[in-house]
Amino acid sequence: MTTPLRADGVRVRFGTRTVLDRVDLAVAPGEWLALVGRNGCGKTTLLRVLAGLHRPDAGRALLDGRPVLDLPRRQVARGLAVLPQALPAVGALTVRRLVAQGRYAVRGPLGMLGGGVDDAVETALDDCGVRRFGDAPVDRLSGGERQRVRLALALAQDAPVLLLDEPTTFLDVRHQLEVLDLVRRLAAERSLTVVSVLHDLAHAARCADRVVALREGRVHADGPPAEVIDERLLREVFGVVGRVHADRSGGRLGVSYDEPAAPP
Amino acid sequence: MRTALVGLLAAVAVAGLAGVQLLVGSTLDAGTALAALAGRADALTTAIVLDLRAPRVLIGLAAGACLGVAGAVLQGVLRNPMAAPEVTGVGSGAMLGSVVATVVGGDVASPAGTAAVALAGGTLGGAALWALAARSGGDPMRLVVLGVLVSAVLGGTTLVLLTARPQLTGSMTRWLVGSLNGRGWEHWAALWPALAVSLVAGLLLAGVLGLLSVDDDHARALGLAVSRWRSVVLLVAVVATAASVAAAGLLAFVGLLAPHAARAVAGSDHRVLLPLAALTGAGTVAAADVAAQLLTAAVPGDAGRIGVPAGAVTAVFGAAVLIGIVRRRSRATVEGTG
């Protein structure tokens, strides 16, 4: 099968700081790839490069084998949906009308004349369990509800690839797990390929098929969670002393953090 | 439902104001004017109603509607509730264009020629603002400051032109203040197509405007070619503004307040907001012109002969309303944080 999404020698600088340094990454169809690493290691930037929202200084991102920046924006949005870290202020927009904006890529400017609300929107609202808030203004919702609305917005695009930037930020533990499980269920149902930035290694271990750890703008480790996540990774990538253990049933990894590691 | 009701009421109010403008005036009583409309009056009376009053009424409505559309579009695309033709350089650019057309004279000074040069001026003003704003990100506050600066430069240039041609100053102050005095069918002919085009284009672009009015990255991620569509949408606002300014001068505050009022009812759905803003703008100018004519009748001497410009009324009234809005907002903010 073809690679839906890949980065080819991507290099990004902000001023004098090199954020990504020749990163190569090929995402396999149907997998959930988790990008992990410290703050400022380039995870979000890599996601934005993959989405065609940031032009790298060198290298390129390919969507279905074609340079993402050469494709019309609408075609990109039909191929991949992005969930950015924070939803911009949407004022008094209702949930249904916001989610309907996700149909722009499919329907085009004139197709939005009716508002864009169609079956795909209702299905996305249903799948994310937010249909009952459909007519409520988005800014009245709680953080967890809002996160599910944003997921519905991304799903309404009907794109085969989903890019998630910190989907669990601002949520308490229960809502974090709910959102991640929801993504996992929907990804299976809709055969989506998922690339997500995740802060919490335990989350990465729980959801992802593959973990890519970035350190100082380079890929430091790449593989299944059980192989990649260990005490050395905690020390080298995150700078913490901690422990990684399989839970009693042997299925899942547990991660505990003890203290910041002494600087090398 | 509520929106439809408000829209209906607004339409009735606008029609009523237009009727008052058409039937009531210093030269004829309402009965005679009605008779003229029905074709049962002498040639002079008919000419006063059909060739002097009717185009004035229609131009006022269309100029106001254009400003309402332009303001609503600008506020959406710039994501700024304070955006309006007069604070973005678009209005003063169109004003400069109109004055340039008058100074050049000849065919260029014809209503259609003036509208064309005003369009060029408005585009120049909008492009200047956008070029400056693009370097400093899309920060709303900075955009307003830059817009005021661009307007000041263009307004200053206009004044230089006015003083350079003192014999034309009298006829050119209309662009600065905004007035419906002395407007005829030839001005209407240059105005209504621009209103039709900008309103229809604005409605067709409602979906695009909805995406743009949230956030650039959001719109781009959802598949919108942001800079291209933003230019198209801004052009709609420039066309509407230029036509309005070329016909009636820069009627202050209409393009700021009409969309504000419409938004309070219609929310952010541009399919409803644009027609309602057009209606509100039309009504505002009609009401201002009625007030201006009442003032003209009440003031003895020269003012009575020249005619109080409608733009003077919108400026004073608009400033008062704006101060009210700002006061209420700042109070709401204080209470909100308390």
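Guide: Two residues are in contact if their C-beta atoms, placed from the backbone, lie within 7 Å. By that rule Ala152(A) touches Val99(A), Ala124(A), Leu125(A), Cys128(A) and Val130(A), leaving out residues up to four places away in sequence. The model is predicted, so local features need pLDDT of at least 70 and side-chain atom pairs pLDDT 80 or more, while totals for chains, interfaces and linings use all residues. Residues are numbered from 1 along each chain as its sequence is written, and chains are lettered from A and ligands numbered from 1 in the order in which they are written.

Visitor: Why is Ala156(A) called buried?

Guide: A residue is buried with 20 or more other C-beta atoms within 10 Å of its own, exposed with 12 or fewer, and partly exposed in between, with C-beta atoms placed from the backbone. Ala156(A) has 30 such atoms within 10 Å, so it counts as buried.

Visitor: What does Ala156(A) touch beyond its sequence neighbours?

Guide: Setting aside neighbours within four places, its contacts are Val99(A), Gly102(A), Arg103(A), Ala120(A), Val121(A) and Ala124(A). Ala156(A) also lies 8.6 Å from Glu122(A), C-alpha to C-alpha, although 34 residues separate the two in sequence. Ala156(A) belongs to helix α6 (residues 143-156) of chain A; helices (H or I, at least four residues) and strands (E, at least two) are DSSP runs numbered from the N terminus.

Visitor: What makes a set of residues a nonpolar core?

Guide: The members are buried Ala, Val, Leu, Ile, Met, Phe, Trp, Tyr and Cys residues joined through C-beta atoms within 7 Å. Here the largest such core has 186 residues, and those with the most contacts inside it are Val99(A), Ala152(A), Leu163(A), Cys66(B), Val69(B) and Ala243(B). Helix α3 (residues 43-77) of chain B is the biggest contributor, with 16 residues. At least three core residues come from each of domain 1 (1-51) and domain 2 (60-332) of chain B.

Visitor: Where do the bounds of domain 1 and domain 2 of chain B come from?

Guide: They come from an automatic or database domain assignment, which gives 1-51 for domain 1 and 60-332 for domain 2. The centres of these two domains of chain B, taken over C-alpha atoms, are 26 Å apart. Their contact takes 14 residues from domain 1 and 17 residues from domain 2. On the domain 1 side, helix α1 (residues 2-23) of chain B has the largest share, 11 residues. That side has eight nonpolar, five polar and one charged residues, where Ala, Val, Leu, Ile, Met, Phe, Trp, Tyr, Cys and Pro count as nonpolar, Asp, Glu, Lys and Arg as charged, and the others, Gly among them, as polar.

Visitor: How many residues does each chain bring to the contact between chain A and chain B?

Guide: Chain B brings 19 residues and chain A 23 residues. On the chain B side, α9 (206-212) and α10 (216-221) each supply at least two residues, and α9(B) gives the most, with five residues. The classes on the side of chain B are 10 nonpolar, six polar and three charged.

Visitor: How do you know that the radius of gyration of chain B agrees with that of a compact globule?

Guide: The radius is taken over C-alpha atoms, and the globule rule is 2.2 Å times the number of residues to the power 0.38. For 338 residues the rule gives a value near 20 Å, and chain B has 20 Å, so the two agree. The C-alpha trace of chain B spans about 65 × 50 × 40 Å along its principal axes, and that of chain A about 60 × 40 × 35 Å.

Visitor: What secondary structure does chain B have?

Guide: Chain B has 15 helices and zero strands, while chain A has 10 helices and 12 strands. Buried residues make up 50% of chain B and 44% of chain A.

Visitor: Which regions of chain B does UniProt list as "transmembrane region"?

Guide: An unreviewed UniProt entry lists several, including 190-212 and 232-258; such annotations may be inferred rather than shown by experiment, and positions follow the numbering used here, with feature names shortened. In the model, residues 190-212 of chain B are 96% helix and 0% strand, with end C-alpha atoms 30 Å apart. Residues 232-258 of chain B are 81% helix and 0% strand, with ends 22 Å apart. For chain A, an unreviewed UniProt entry places "domain: ABC transporter" at residues 5-241, a stretch that is 37% helix and 26% strand in the model.
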